[in-house]
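Please look over the sequence and the model shown below. The paragraphs after them go from a pair of residues out to the whole assembly.

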Number of protein chains: 2
Amino acid sequence: MSTSVASMFSVTAATGGVTAPEGFTAAGLHCGIKAKPGALDLCVLAAQAPAAAAGLFTTNLAQAAPVTVSKRHLDVTLGRARAVVVNSGCANACTGEDGLLNARQMAAEVAAALGCPIEEVLVASTGVIGVGLKMDKVVPGIRQAAVSLDRGQGGVMAQAIMTTDPFPKEHAVTVKTPRGTFTVGGTAKGSGMIEPNMATMLGFLTTDAKVEPAVLQQALRASADDTFNAITVDGECSTNDCVFALASGASGVEIDEDLYPALVAGLYQVSRELAISIVRGGEGATKLITIVVRDARTVADARRVAKTIANSPLVKTAVHGADPNWGRIVAAAGRAGVSFDVNRATVRVGGILLFENGLPHDDNAPKAADHLSLKDVSIDVHLGTGGGGDATVWTCDLTAEYVKINGEYRT
Amino acid sequence: MSTSVASMFSVTAATGGVTAPEGFTAAGLHCGIKAKPGALDLCVLAAQAPAAAAGLFTTNLAQAAPVTVSKRHLDVTLGRARAVVVNSGCANACTGEDGLLNARQMAAEVAAALGCPIEEVLVASTGVIGVGLKMDKVVPGIRQAAVSLDRGQGGVMAQAIMTTDPFPKEHAVTVKTPRGTFTVGGTAKGSGMIEPNMATMLGFLTTDAKVEPAVLQQALRASADDTFNAITVDGECSTNDCVFALASGASGVEIDEDLYPALVAGLYQVSRELAISIVRGGEGATKLITIVVRDARTVADARRVAKTIANSPLVKTAVHGADPNWGRIVAAAGRAGVSFDVNRATVRVGGILLFENGLPHDDNAPKAADHLSLKDVSIDVHLGTGGGGDATVWTCDLTAEYVKINGEYRT
């Protein structure tokens, strides 16, 4: 996915996040879910009129109540939504029938305030599993948020969805096409790819392009494959993961077959930026690691090898220690369960050749170690199968701080 | 596999390790592969006469030279061996044609000393990947070891195969049957389930039972499934993993169909003890975690869920922090890729119920936290599918020390 496909459109960075596209407002506040005074823990994203809506949800069998409710709402409306309500600090997962009722009530409060059907409100939660929502805090909070909606509050939403995230994540792009210009914006949270306990990855994308829900769903899925689905902090898939996209149509630019690639490119660019930010802010992370696997038999094989390397604790700790330990990379690739000939594979770190024809190039190790002392590092593996399957995955290093965060959380 | 199957035989602990069964001798010494003066790094295990031999090898595509050589030797001899030669400190992996020649030469030196065909010698190496063996140290070392073989040196072998292992691992059992008594002994090394860099898991089992190679291979595979193949420290599968079994026949007890379960029970008991010792000595480990998954649809499903929980960094860090975080256990089970209904699943920690019918039992959390402060802890997950598939997996906690060991190794 390049920004110059067919040069029929251009994608350039814009300022702001979810409210950068026309037709969207947001509000965020502290309602009291988080103990810390003033810590933002609730927000509403609203479209001025019913928007086309699409969603991607966790594949975990243990699905949180807001996931169940949002899926049902998208089914009922056939992909239309007026708003999304999100809380942080509580995942509303493994909370039984009460949890479902609470998620429904969150939607109902927003629907009442905006004057829309309850099914046009999507719900997301992020935080500790197995704890019930304090509805006596949440309900008044939603009522207040609903009367505070403003286009200038996109950045507040980016903060209100955070849990252990070290920084807020938002991005927007302008997509110029021969038939007009539209904007795509978004925000996301997550500090483990998935943090089943403190909750997980959430993503919210908006656009003022005019697009049918089914097309929006297809474009969202296409853009997520190489962005949100290509990152990992710790290999954990959560109970609350979801990414929503809302399209207001306010730009008047209608997405047909010709402009579909431009929509995907816009969603892709925002998703990629947010996804990489999640990894950069991974729990305890000090380095962003870009892993590129080329020439596997298939793209699926390439992704599997890249994910295996990305989730290898030995590779992640070696990178943390700036040790160009190509042996661990070869061993991880070799156990990924895909077919290739180790003697035809090459391994590069920071572009520096370390392994080729089954043999090390240890004379290059000092240069590779220098590269690994940087904050942004790269691992390139060429499998040499002739199949041409390529994939990129982003991850972070594994540090003592990760152990500390996750050994002490909740206590 | 219980020790009282059909009560036709009994299995009781014995002293010693690989030389506990009759017909075996060993020798170990410092030849100079390891830099530290006096650190044992070479050993030979010998049978007085050609023994039935069986081997299990890493499934990693990147296979070390000694793995390639040992597999070929077992193929040529149809499962006969006189000796095993093992070095620690160097994995002889990713070392190309030179590595193969060196592994062959190790076998040749032992064969010359014992007066047997080179194919009757098996080879194993463990240590850093991608570094060549110092044959000027190894060859004289092997020659010296070959003239120092002694039945009293089993414990020396257990030490000579160690790399980062915090302690040596050996075990032996006596198997009493209606047709006589035989002994099974063994030693193993490994501090990550697999440490591709410092090398991996190696296991050496001996018995004085009289058994055909094909039967020994079958029994070895059967006993490894629920022992060596049921442990994980970090989910990494190495380039050098192997387990060998040698049967001298010196006890005169012939293994036929009736006594086959007794042989498996003996091998199982020794393998289980060694496997659990590996986890207990896992890199940075402070706790042994026994994970039992019951009532999955199949045994394979149960094992997959147990392994997913065992490799979850969030579960491992929570156990390290003595946090009875059942939400992370449920989330790991839910992403394991097997089918079950979360609302029918139960989670217990130390036997204490924490999750049932989709809801937490947080009143029990303090008792479960007490249990997790112990050194040996248990996690039990009942999936409630009605399928009856059970599996047990052993792992250890994930600690800052693991990060330290693997971020600093080699530097």
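**From one strand pair to two chains**

A:I291 stands opposite A:V393, a residue of β15(A). The model that holds this pair is a predicted one, in which local features need pLDDT of at least 70, side-chain atom pairs count only at pLDDT 80 or more, and totals for chains, interfaces and linings use all residues. Residues are numbered from 1 along each chain as its sequence is written, while chains are lettered from A and ligands numbered from 1 in the order in which they are written.

Strand β10 (residues 288–296) of chain A and β15(A) pair in the antiparallel sense, over seven bridges. Strands here are DSSP runs of E with at least two residues, helices are runs of H or I with at least four, and both are numbered from the N terminus. Two strands count as paired if DSSP finds at least two bridges between them. Strands of a sheet pair through backbone hydrogen bonds, either parallel or antiparallel.

These two strands belong to an open sheet of six in chain A, with the order β13-β12-β11-β14-β10-β15 and mixed pairing. β13 (359–360) and β15 (389–396) of chain A each have a single partner strand and stand at the edges, so one side of each is left without a neighbour in the sheet. Helix α7 (residues 299–311) of chain A packs on the sheet and touches β10, β14 and β15 of chain A; its direction makes about 20° with that of β15(A). For such angles, axes are lines fitted to C-alpha atoms, for helices over the stretch in contact, and the angles run from 0 to 180 degrees between N-to-C directions.

Further along the sheet, β11 (residues 346–349) of chain A pairs in the antiparallel sense with β14 (residues 376–382) of chain A over four bridges. There A:T346 stands opposite A:H382 of β14(A). Three bridges join β11(A) to β12 (residues 352–356) of chain A, and these two also run antiparallel. The bridge partner of A:V347 in β12(A) is A:F355. β11(A) and β12(A) form a hairpin with two residues between them, and A:G350 in the turn has a positive phi of about 60°.

Chain A is assigned two domains, domain 1 (5–280) and domain 2 (288–408); the bounds come from an automatic or database domain assignment. Their C-alpha centres lie 32 Å apart. In chain A, 11 residues of domain 1 are in contact with 10 residues of domain 2, where contact means C-beta atoms, placed from the backbone, within 7 Å.

How many residues of chain B are in contact with chain A? There are 45, and they meet 45 residues of chain A. The largest share of this side of chain B, six residues, comes from α11(B). The side divides into 19 nonpolar, 18 polar and eight charged residues. Ala, Val, Leu, Ile, Met, Phe, Trp, Tyr, Cys and Pro count as nonpolar, Asp, Glu, Lys and Arg as charged, and the others, Gly among them, as polar.

A rotation of 180° with 0.0 Å of shift along its axis superposes chain B on chain A (RMSD 0.0 Å), by least squares on the C-alpha atoms of residues with pLDDT of at least 70 in both. The two copies are thus related as by a two-fold rotation axis. In chain B, the C-alpha nearest the axis belongs to B:A400, at 2.2 Å.

Terms used:
Contact = placed C-beta atoms within 7 Å.
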